[in-house]
Amino acid sequence: MPDKRHEFDVAVIGGGLVGSAIAWGLARCGQRVGVLDEGDVALRASRGNFALVWVQSKGFGLAPYSAWTMRSANAWREFADKLEQQTGIDVAFERPGGFNLSLSEREWEARRDLLQRIQDQPGMQRFDFEMLDRARVQQVIPQIGPEVVGASYSRFDGHCNSLRLFRALNAGMQQLGVAYLAEHRVEHIDYTGGEFRLATRSGAVRAAKIVLAAGIDSVRLAPMVGLNVPVRPQRGQLIVTERIAPFLHFPMQTVRQTDEGTVMIGDSQEEVGPDPTATRDVTAVLAHRAIRLFPQLASLNIVRSWGCLRVMTRDGFPIYEQSTTCPGAFNASCHSGVTLAAAHALLLAPQIAAGQLSTHDFAPFSARRFDVQALAA
Ligand SMILES: Cc1cc2nc3c(=O)[nH]c(=O)nc-3n(C[C@H](O)[C@H](O)[C@H](O)COP(=O)(O)OP(=O)(O)OC[C@H]3O[C@@H](n4cnc5c(N)ncnc54)[C@H](O)[C@@H]3O)c2cc1C
């Protein structure tokens with residue numbers, strides 16, 4: 001039974017894709033949820049992403065991450081359908097399989113070796129992938145440029161319209177009674193008498209449980225509830241072209257055609273701190289490679305290029321954790337909030353609602369792994 005002393009059963013701190021997916025999932029479990037979000041000045045990762053639901057290259061160094069990603073990708077169809085049934089918003093999820101194109105034999109071999117090493121890890125739930133030569137790629141994607149030597153392909157990869165995903169989650173959670181509190185940057189968290197008190201400039205909020213989903217600001221908030229969330233911003237830049245007739249029916253890691261006809265070209269990985277500025281040198285490199293992959297892109301107008309920030313841990317894997325000193329405080333930080341949205345909504349949220357994360361699912365993602373890594377160094 002909900003405890004009426006608290007305003008909310010759960011306060012989710014952060015209304016990006018991660019916080020919104022969890023909040024929607026919590027509301028579906030019957031929890032009274034408040035989402036406290038900073039204003040538009042926040043350094044938000046959700047301002048940009050490539051919208052891939054991507055599996056093939058995930059998990060080198062942490063096999064459970066590959067399995068978690070696969071569970072999410074497998075749950076995505078159900079997730080997208082539930083969102084559409086509830087909100088009427090089609091998030092354009094498709095899973096035709098994804099390609100990673102190689103522009104030299106060396107790239108192709110490096111790709112093959114990486115994917116094989118992922119599959120060969122101890123504890124890996126293996127899945128199949130294919131390494132294709134140029135002729136086989138050309139059969140399904142005739143538009144590839146003359147320099148493309150081949151590709152990796154996995155039938156498990158897909159993509160969606162992530163702007164519509166964000167809108168559907170927001171509409172869906174509010175329809176389910178979630179209070180979305182904009183301009184509620186959490187400055188401080190107190191835990192007393194089994195209750196969390198969140199101090200914001202727009203007033204205080206009380207909740208029985210909290211979820212840190214504040215992206216990069218979770219670093220600052222985590223120690224207030226006995227957690228450790230060492231994440232940093234990593235910049236990625238993206239380009240989007242004018243709309244053209246559909247020509248590319250499969251997602252790829254650096255080029256994909258959206259359901260609306262634009263072509264997205266991405267995405268860099270830059271260690272420049274919390275600076276989301278787009279720079280011409282990087283976008284030129286992205287555009288040049290995209291044209292080598294698909295020469296027809298050279299004639300397209302670019303309508304926008306921009307920079308955005310990934311929420312990145314030291315080893316690139318997520319942190320999911322519950323506090324032992326402040327029971328009821330949970331954290332969710334990751335850099336693949338689109339891919340993992342289905343898992344966050346349908347698998348993680350019910351466990352948070354129940355007040356306990358399963359050790360089997362989440363122990364590998366504890367930030368305590370960084371202590372072990374530090375000792376081993
Ligand atoms: C270039 C690029 C490409 C990407 N491509 C993909 C992809 O193809 N597939 C994929 O799965 N993922 C991709 N991602 C990642 C994906 O976009 C993010 O995982 C996703 O946006 C979720 O971010 P988030 O919710 O953790 O953080 P954010 O979007 O940063 O949300 C955090 C929220 O918390 C709020 N906030 C911060 N501090 C506070 C506070 N103290 N109090 C209250 N609110 C606070 C902010 O206002 C913000 O709304 C990409 C990211 C980048 C940068």
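**Backbone and cysteine notes on a predicted model**

I begin with C326, which is buried, at a relative accessible area of 8%. Buried here means under 20% relative accessible area, exposed means over 50%, and partly exposed lies in between, with a 1.4 Å probe and protein chains only.

A word on the basis of these remarks. This is a predicted model, in which local features need pLDDT of at least 70 and side-chain atom pairs count only at pLDDT 80 or more, while totals for chains, interfaces and linings use all residues. Residues are numbered from 1 along each chain as its sequence is written, and side-chain values use heavy atoms, with hydrogens and water left out.

I stay with the cysteines for a moment. How many disulfides does a search of the whole structure find? The search returns 0 disulfides, a disulfide being a pair of cysteine sulfur atoms within 2.5 Å. C308 is accordingly in no disulfide, and the nearest cysteine sulfur, which belongs to C334, is 14 Å away. C308 is also buried, with a relative accessible area of 7%.

I turn now to the backbone. Most residues other than glycine have a negative phi. A92, which is not a glycine, has a positive phi of about 55 degrees. A92 sits in the loop between α2 (63–87) and β4 (98–102); helices (H or I, at least four residues) and strands (E, at least two) are DSSP runs, numbered from the N terminus. At 18% relative accessibility, A92 counts as buried.

E183 is likewise a residue other than glycine with a positive phi, near 55 degrees. Its place is the loop between β8 (179–181) and β9 (186–192). Is E183 buried or exposed? With a relative accessible area of 53%, E183 is exposed.
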